[in-house]
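Today I opened my notebook to see how two chains sit against each other. Here is what I looked up, in order.

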Protein chains: 2
Amino acid sequence: MRVVGDIDEFALIARATRFLGGLSAAGNVLLGGGDDAAVLGLPPDTAAVLTQDALLEGVHFRRDWSAPADVGWKSLAVNVSDLGAMGARPLAATVSLALPPDLPLTWVDRFYAGLDECSRRYGCPVVGGDTVRSPAGIAVSIAALGSVVPGRHLMRGGAARGDLVCVTGVLGQSAAGMACLAAGRGATGVAATPVARHRRPQPPVEAGALLAAAGIASAMMDLSDGLGSDLRRLCEASDVGAQIEMLRLPISDDTRRLAARLGANPMEWALHGGEDFELLFTVPPGRWAEVPPLLASLGVSATIIGRTGGRGVRVLDEAGHGQPLRPRGFAHFAPE
Amino acid sequence: MRVVGDIDEFALIARATRFLGGLSAAGNVLLGGGDDAAVLGLPPDTAAVLTQDALLEGVHFRRDWSAPADVGWKSLAVNVSDLGAMGARPLAATVSLALPPDLPLTWVDRFYAGLDECSRRYGCPVVGGDTVRSPAGIAVSIAALGSVVPGRHLMRGGAARGDLVCVTGVLGQSAAGMACLAAGRGATGVAATPVARHRRPQPPVEAGALLAAAGIASAMMDLSDGLGSDLRRLCEASDVGAQIEMLRLPISDDTRRLAARLGANPMEWALHGGEDFELLFTVPPGRWAEVPPLLASLGVSATIIGRTGGRGVRVLDEAGHGQPLRPRGFAHFAPE
């Protein structure tokens with residue numbers, strides 16, 4: 001079996017080019033990979049949106065749990081999710097790969113194949129980056145560039161007192177999928193969708209862009225660390241409190257059934273599971289009626305889960321008792 | 001001594017924000033760090049230029065050889081160098097940091113201080129990114145965004161037969177500095193400038209932007225791996241040969257003296273040392289006269305080192321004998 005250390009850097013870059021050239025002829029790419037940098041034309045009257053996020057072996061994924069194509073998909077998906085959360089549309093991405101010399105070349109090829117699939121799904125061509133030898137473990141860092149109408153970008157800090165707190169899609173699905181894998185269960189039946197979503201998040205990037213362009217939402221971010229952590233961040237940035245209701249949290253039937261089988265609490269997954277990569281946003285009550293039809297055109301659902309106001313972030317449980325919502329999401333440097 | 005593992009991710013990000021907020025109020029930054037992504041306004045009628053490059057501990061730097069502030073400086077400098085090589089002006093950058101838990105927090109603070117210095121030098125504010133735990137070793141990946149007038153960007157593939165082959169500044173200086181450090185010599189006297197340039201490369205980014213805007217150069221790239229590797233790439237991309245003359249290579253007196261002391265060949269450093277981060281560019285002979293006065297306004301020198309034409313890439317030695325110029329630059333996956 002050939003490994004990364006068997007070929008030189010240029011041969012490795014040539015392999016990447018074979019997989020990633022697909023969208024480089026896209027309209028916005030004035031110059032794709034292979035030079036010192038890529039040149040991208042922004043749509044008229046837009047500003048650039050830039051984000052960067054890394055995935056590390058042993059921290060964000062394990063080689064024995066995640067197929068290389070899924071790591072490739074996810075490493076771009078988490079970045080386009082950040083673009084969507086600003087209300088931006090993806091333009092292009094660059095990828096920085098650090099690879100250990102003993103890594104099989106088939107792993108690298110499959111990683112690129114998954115990256116390319118995600119790139120095509122979101123219309124976000126990979127136009128450059130670099131590949132270096134890693135002393136230990138795989139490290140992927142992707143930067144994504146998007147465009148947004150200036151002044152229409154949506155921040156975390158825009159929520160006003162009395163706004164509705166909303167989310168797209170369903171919550172806790174990725175956590176359900178991960179719990180299923182951790183328990184050694186198969187990925188069929190009710191586990192199929194949760195496991196698939198855990199492996200390949202599907203951030204509703206176009207929904208974010210539509211909400212921003214229509215000027216409906218007042219604040220927005222993506223749900224990466226769990227509602228408990230992320231809603232707190234949105235509230236702190238907006239200087240408001242919020243109360244959400246457990247009974248309103250959108251949880252799929254598959255997630256509920258998996259929770260019952262595994263003896264887990266689906267509410268915990270929905271509140272603290274993380275990695276859903278859905279949108280968390282706030283809307284003035286008078287604008288809510290516009291949201292469902294707008295997002296329905298994309299096949300994306302939206303749910304009101306609470307309202308801003310009061311002090312701190314609170315959650316009403318099934319019995320109607322309020323309690324503080326504390327973050328229990330993933331923090332990389334916290335004691336384990 | 002406090003280490004990275006002692007504080008949580010949010011505290012670490014807060015430390016970064018203290019160091020890197022300086023330029024976020026710059027005119028092009030519509031929204032700086034702290035949200036899902038940054039928003040940047042491009043100057044009117046420009047296209048975006050995007051590049052990304054990583055620096056890994058044990059591959060690109062050693063903690064016992066490089067001060068943390070120098071690693072911070074260099075990790076941004078290599079990226080703005082790529083922007084300059086396209087003829088672009090820097091707009092903003094994001095940084096992805098992977099840090100081992102046992103790393104002293106003072107290392108991180110000093111890294112940010114050096115990054116901030118480079119950011120100010122090149123007017124390239126750091127507007128986002130992420131910080132994650134690393135299982136082994138420090139990994140830095142930076143993405144830099146710039147702007148260029150569409151159609152004025154300079155590629156590697158634009159050289160025509162008969163163009164002059166030129167470089168900015170002096171060559172072999174970084175290799176001289178590294179050789180000095182490797183030999184355990186001090187960084188004073190004739191070693192001062194070479195060692196300083198090795199530690200903190202000073203890519204002539206503005207010179208690249210001026211050459212591009214004036215439409216003088218036909219092809220351009222930055223010298224990162226050494227002239228032997230990089231001129232070959234430019235020639236292959238342009239589908240031309242080239243011949244350069246050793247006696248024309250700009251080598252500083254300090255570099256020559258250091259070579260004499262260390263028993264090294266300064267020509268080898270100039271041809272194959274790498275990491276000079278000067279510009280390699282080609283100019284039609286009729287346009288050369290414009291180059292020195294244009295770059296002199298920035299305090300940057302330029303030297304004709306040869307001419308495109310013929311087959312392959314050749315070098316005339318001091319005795320006037322031609323020989324093929326073979327790459328001996330740094331290739332990450334090559335056998336060691």
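I began with salt bridges (a side-chain nitrogen of Lys or Arg within 4 Å of a carboxyl oxygen of Asp or Glu), and the rule finds four across the interface of chain A and chain B. One that I noted pairs the side chains of A:D35 and B:R156, at 3.8 Å from N to O.

A reminder to myself: this is a predicted model, where local features need pLDDT of at least 70, side-chain atom pairs count only at pLDDT 80 or more, and totals for chains, interfaces and linings use all residues. Residues are numbered from 1 along each chain as its sequence is written, chains are lettered from A in the order in which they are written, and side-chain values use heavy atoms, without hydrogens and water.

Next I asked which element of chain A gives the most to the side that touches chain B. I found strand β3 (residues 47–56), with nine residues; strands here are DSSP runs of E, at least two residues long, numbered from the N terminus.

I then checked contacts (heavy atoms within 4.5 Å): 66 residues of chain A meet 66 residues of chain B. I also saw that 100% of the interface residues of chain A are interface residues in chain B too, so the copies meet through the same surface.

Last, I looked at symmetry, superposing by least squares on the C-alpha atoms of residues with pLDDT of at least 70 in both copies. A rotation of 180° with 0.0 Å of shift along its axis puts chain A on chain B, with an RMSD of 0.0 Å. I wrote that down as the relation of a two-fold axis.

Notes: Helices (H or I, at least four residues) and strands (E, at least two) are DSSP runs, numbered from the N terminus.
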